[in-house]
Amino acid sequence: MGKRVSLFVTCLVDQLFPKVGMAMAAVLERLGYQLDFPENQTCCGQPAFNSGYRAEARAVARHFLDTFERSECIVVPSGSCTAMVTRHFAELFHKDPAALERVHALEKRIWEFATFLTEVARVEDVGARLDDVVTFHDGCHALRELGIADAPRRLLAQVRGLELREMEPAAECCGFGGTFAVKFAELSGAMARTRMEAILRTGARTVVSLDASCLMQLQGALSRAGASVRTMHLAEVLASR
Amino acid sequence: MSTEFERKIHETLADAKLQLAIYTATGRLKAKRVETVAPDVLLDYQELRAQAHAIKKHAIENLDHYLEEFERNVEAHGGKVAYCKDGTEVADFVLALAKERGARLIVKSKSMTTEEVDLNERLEHHGLESVETDLGEYILQLAHERPYHIVAPALHMTRYDVADLFARRLHIAREVVIEKQTAIARSVLRQKFLAADIGISGANFLVADSGAVVIVENEGNARLTTSAPRIHIVIAGIEKVIPRAQDLATFLKLLARSATGQPLSVYTSFLSGPRRTGEIDGPEEFHVVLLDNGRTRLLPDRGKRESLYCIRCGACLNACPVYRKIGGHSFPWVYSGPIGAILTPQFMGVAHEPALPFASSLCGACAEVCPVKIDIPKILLELRSEVKKSEAREKQHRLEKLAFRAFAWLMRHPRIYELAGRAAASMAPSEEGGWIRGVPGLMNIPPVRAWLSQRDLPPAPAKSFREMWRRR
């Protein structure tokens with residue numbers, strides 16, 4: 001073992017949910033990875049990109065390219081931020097062949113956390129234990145931009161003491177959408193409440209997802225409604241023992 | 001955002017009855033689609049989508065060629081083809097023909113293209129009677145409303161709403177049984193069909209190599225519209241042309257499944273020209289009006305012209321968590337839902353409603369169900385960038401622009417980013433108190449206020465990840 005992995009924890013986890021980053025680090029170390037946290041990292045630029053500010057997004061993306069230039073393998077606790085890099089950086093640099101080459105090289109080195117475990121580390125059982133009934137919320141970007149559906153469920157299936165109950169309807173948006181959540185607050189809130197009802201119908205005590213952003217939206221709505229359901233990032237579940 | 005757009009969204013969200021109607025109706029269509037495209041029912045669904053996309057791509061990239069081929073073949077069957085650049089030209093065409101032939105009454109089958117150019121209003125303005133014969137469209141015409149949904153135009157109305165409407169507009173006793181309501185509409189419309197001089201229809205496909213106009217429907221009203229009156233006028237967008245009759249094998253498998261979850265619509269009509277010698281029915285005259293109305297403006301952009309692949313199935317509306325909340329009438333033009341959010345800014349200009357491309361969480365459910373694989377989220381993102389470019393010089397948008405410039409600068413200066421993050425965290429309540437319902441000092445910041453209007457905020461952690469990492 002002793003393989004080296006760089007963490008990109010995302011700005012949201014860095015600033016608001018550091019425990020998610022620590023949990024991800026704990027799981028990776030348990031699997032024998034040597035971790036590195038490039039201190040220059042900040043954000044992938046998605047907030048600017050999704051808001052229509054491409055020049056600003058490009059500047060942040062370039063900083064990202066510089067920061068992770070020497071990282072052989074990057075793991076991210078977010079489907080959305082991973083998709084920004086693997087699906088949208090190329091659009092930002094389509095007129096800059098040199099940068100585009102770096103982007104394409106980066107695309108092959110960056111992994112969303114759950115997929116990294118099942119496809120690179122090739123593990124499903126990370127030795128976790130959590131006595132809980134949980135439901136899994138598919139983040140839209142993880143699901144539809146990266147095609148991630150099975151990996152987190154296979155990982156959850158190996159957690160001792162854990163029961164997974166699927167939501168009906170499955171795979172619907174929580175209504176976060178970045179700046180959408182505040183630009184169209186009332187609409188975003190209504191979407192969150194519809195998702196919340198699906199969560200409550202499962203009877204689960206915990207909602208698990210691959211994205212801290214979806215969980216912030218869902219926890220915000222659950223907390224406002226006075227529901228006792230909590231949210232946990234998959235990394236936190238897998239770090240439990 | 002225009003206050004009109006904001007107001008309509010708010011009103012729809014606040015109307016519990018309407019919310020239930022939209023959610024139930026779209027949910028039903030959504031579930032039926034899933035059933036009819038399931039792998040055990042339609043094994044090659046994904047291949048069909050790829051094929052449909054490839055055919056549309058080819059047709060749109062060779063539009064001039066296929067339109068001319070279509071035109072030649074229509075004329076070979078005795079039909080006539082006219083090109084119109086906008087709604088005025090379409091109305092002028094119909095008005096001139098009606099005047100020449102002494103026509104007064106028009107029956108219409110469902111067509112989003114004619115909604116686009118407000119054809120009924122234009123014709124009525126000149127003293128012609130134009131009657132919608134699709135049940136949903138007929139209801140909406142009586143109610144003076146525009147379609148709520150591309151496929152199910154009266155989706156927002158319950159049978160009780162229809163009962164009230166019929167009673168008021170047709171001066172009859174209130175009738176709440178759907179079958180009886182249908183019979184009422186039928187008896188009114190049957191007389192119109194028999195008396196009409198002109199039938200106006202849209203088209204689902206224009207087949208270049210045969211000159212056929214293909215129309216799918218469930219009620220049979222389109223078949224009557226196109227065969228009973230002595231003149232039939234087809235009004236179709238130029239993007240409706242497909243190269244070959246055999247391409248229909250792909251599209252007809254996808255269209256009804258995506259739209260209503262039917263393997264096929266009840267009626268699929270192939271119309272090629274007027275009645276020929278020896279035929280017992282069909283119109284004496286057959287005209288096809290090919291409408292641009294902004295479509296050619298989309299052609300130069302390789303990415304955005306994908307919008308013209310749309311076959312108007314409405315699947316993206318039913319799948320869209322935003323449409324299912326704000327409904328059809330919140331949208332600023334005739335096309336609603338995800339496809340409306342990309343067509344409207346391109347047909348009408350981004351200034352028509354600059355907030356429209358932003359009214360999406362970019363969840364991608366639309367692209368997932370699109371039978372011709374239009375990458376709607378990607379086009380929304382491009383339109384967002386266009387909106388910001390067009391707003392760049394306007395005063396009221398300077399603050400946002402400045403904020404994103406500051407964001408980009410901060411994100412390239414990790415040390416200052418860290419300090420700024422800690423400074424912000426020091427102003428927010430700490431972790432012990434749980435999630436936050438209000439933050440006195442920060443409530444004046446609009447995004448914070450907007451967030452807190454609907455949800456609680458996470459408390460600020462004692463340390464950021466990088467601090468924890470350093471000290472571990």
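The points below are grouped by topic, after a note on conventions.

This is a predicted model, in which local features need pLDDT of at least 70, side-chain atom pairs count only at pLDDT 80 or more, and totals for chains, interfaces and linings use all residues. Residues are numbered from 1 along each chain as its sequence is written, chains are lettered from A and ligands numbered from 1 in the order in which they are written, and side-chain values use heavy atoms, with hydrogens and water left out.

**Cavities**

- The whole structure holds three cavities of 30 Å³ or more; a cavity is a set of points on a 1 Å grid over the protein atoms alone where a 1.4 Å probe fits but cannot get out.
- The largest cavity has a volume of about 190 Å³, a volume being the space filled by probe spheres set on the points, which are joined across faces, edges and corners.
- It is lined by 18 residues, of which Cys320(B), Pro338(B), Ala359(B), Ser360(B) and Leu380(B) are the closest to its centre; lining residues have an atom within 4 Å of a point.
- Two or more lining residues come from each of α16 (337–348), α17 (365–369) and α18 (376–391) of chain B, and α16(B) gives the most, with three.
- Helices are DSSP runs (H or I, at least four residues), numbered from the N terminus.

**Helix α16(B)**

- Of the 12 residues of α16(B), 11 are buried, so the helix is largely enclosed by the rest of the structure; buried means under 20% relative accessible area (1.4 Å probe, protein chains only).
- These buried residues pack against α6 (112–116), α13 (295–298), α14 (315–319), α15 (323–326), α17 and α18 of chain B.
- After α16(B) comes Gly349(B), whose phi is positive, near 95 degrees.

**Loop residue Ser307(B)**

- Ser307(B) lies in the loop between α13 and α14 of chain B and is buried, with a relative accessible area of 1%.
- Leaving aside neighbours within four places in sequence, Ser307(B) is in contact (heavy atoms within 4.5 Å) with residues including Ile339(B), Ile342(B), Leu343(B) and Gln346(B), which are among the buried residues of α16(B).

**Nonpolar cores**

- The largest nonpolar core has 130 residues, and Val213(B) and Ile374(B) touch the most other members; such a core is a set of buried Ala, Val, Leu, Ile, Met, Phe, Trp, Tyr and Cys residues joined through side-chain atoms within 4.5 Å.
- A second, separate core of 67 residues includes Val5(A), Leu28(A), Val229(A) and Trp451(B).

How values were computed:
1 Å grid on protein atoms, 1.4 Å probe; cavity = no way out; pocket = protein on both sides within 12 Å on 5 of 7 lines; lining within 4 Å. Buried < 20%, exposed > 50% of the residue type's maximum accessible area, 1.4 Å probe, protein only.
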